[in-house]
Amino acid sequence: MTRTLRRTRGIRLALTGALLAGLSLLTTAGPALADDRSASASPSGDEAGPTEAGTTFRTATALKQGRSGTAQASAGDYLYWVFPADAGQRPTVEATVKLPESTARRGTSTWQVDVYDGLRRRQACMYGHQTRKAAADAATVELSCVLRPVRSWSEPWANAPLAGSYYIRLTVVDLPAADLGLPVDVEVRTSIKELGGGHDGGGALAEPLVPGVSVASAGENSGRASDAPRTLATGAPGDGWASGWWTDRWLWTVGGGVLAALAAVFGYSLTRGRGRPAHVPPGV
């Protein structure tokens, strides 16, 4: 009897330890993977960002994730940059416009930053200061846009952000006619927050929404370099595009199955009883 009690107690302790270990794995594995991916996606601090901006979608200046870019332009110009964003990420775009001396300006101005995906669909901002008015004596104006989480797949009719290129467009939308053409200095910054697989849509794109990627793939498959464009609109994230099938949901699925099996064994050990007493003969 004592031996049976000790054995039962040992099984309970072992199952309890396994349950705690499984819970610890689930709570630490996901953030660890996200941190590793964020670290690998962050470029080194020694590389300088671009010092110019494009004037159309086709000539947009490429930005790496987590990088900033600067440009000197004239009030009234349309300035474009492009950067990559993958599924499970939430991009943030920030822009700072250094205005001319107040003595050279005639009135207030209103600036706006817009973000478009690889299909040139304007993406809504979750929050931020997408449009701001600068007073006549203001030295700078700061804009920001936090996008919705990028998804791996969505319905064709939906306007959900998908993996691929994202275009930044910065311009002034309201300005006195006398202030058009005044010089301004602009700085844009991009940052990425890893959200993991919590926003996966249950599918994957055949190719990321990067203009030219399908033509480039076709050229590589046919073996003719002339079929592929010289450069794509933007590069891939630092750790490459997501494969489409792997997500940290696999960790939760496998971990949940293991915990369920352990819980079933633990529950059975509690409810099966101590067996036939030693003083009861067999067959009774």
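Colleague: In what sense do β1 and β3 pair, and over how many bridges?
Modeller: Strand β1 (residues 61–62) pairs with strand β3 in the parallel sense, over 2 bridges. Two strands count as paired if DSSP finds at least two bridges between them. Strands (E, at least two residues) and helices (H or I, at least four) are DSSP runs, numbered from the N terminus. This is a predicted model, where local features need pLDDT of at least 70, side-chain atom pairs count only at pLDDT 80 or more, and totals for chains, interfaces and linings use all residues. Residues are numbered from 1 along each chain as its sequence is written, and side-chain values use heavy atoms, with hydrogens and water left out.

Colleague: Which residue is the bridge partner of Ala62 in β3?
Modeller: Val82 is the partner of Ala62 there.

Colleague: And what does β3 do with β9?
Modeller: β3 and β9 pair in the antiparallel sense, over 7 bridges. In β9, Ser165 stands opposite Pro84.

Colleague: How many residues of β3 are buried?
Modeller: Strand β3 (residues 79–85) has 7 of its 7 residues buried. Buried means under 20% relative accessible area, exposed is over 50%, and partly exposed is in between (1.4 Å probe, protein chains only). Leu79, Trp81, Phe83 and Ala85 point one way from β3, while Tyr80, Val82 and Pro84 point the other way.

Colleague: Zooming out, how many helices and strands are in the chain?
Modeller: The chain has 3 helices and 10 strands. Along the sequence the pattern runs α-β-β-β-β-β-β-β-β-β-β-α-α. Of the 284 residues, 36% are buried.

Colleague: Over how many bridges do β4 and β8 pair?
Modeller: Strand β4 (residues 89–98) and β8 pair over 7 bridges, in the antiparallel sense. Val97 has Val141 in β8 as its bridge partner.

Colleague: Switching to cysteines: which ones form a disulfide?
Modeller: Cys125 and Cys145 are joined, S to S 1.9 Å. The criterion is a pair of cysteine sulfur atoms within 2.5 Å, and the count comes to 1 disulfide. Cys125 is in strand β6 (residues 125–127) and Cys145 in strand β8 (residues 140–147), so the pair ties together parts 20 residues apart in sequence.

Colleague: What about its handedness?
Modeller: The torsion about the S-S bond of Cys125 and Cys145 is about -100°, so the disulfide is left-handed.

Colleague: Are the two cysteines buried or exposed?
Modeller: Cys145 is buried at 0% relative accessibility, whereas Cys125 counts as partly exposed at 22%.

Colleague: OK, charges. How many salt bridges?
Modeller: The count is 5, with a salt bridge being a side-chain nitrogen of Lys or Arg within 4 Å of a carboxyl oxygen of Asp or Glu. Among them is Arg189 with Glu94 (3.6 Å, N to O). Arg189 lies in strand β10 (residues 183–194) and Glu94 in strand β4, so that pair ties together parts 95 residues apart in sequence.

Colleague: Which residues make up the salt-bridge network?
Modeller: Glu94, Glu187 and Arg189 are linked in a network. The closest N and O atoms of Arg189 and Glu187 are 3.7 Å apart. By relative accessible area, Glu94 is partly exposed at 33%, Glu187 is partly exposed at 30%, and Arg189 is partly exposed at 25%.

Colleague: Where does Asp114 come in?
Modeller: Asp114 meets Arg169 in a salt bridge (3.5 Å, N to O). They link distant parts of the chain, with Asp114 in strand β5 (residues 109–116) and Arg169 in strand β9 (residues 164–174), 55 residues apart. Asp114 is buried, with a relative accessible area of 1%.
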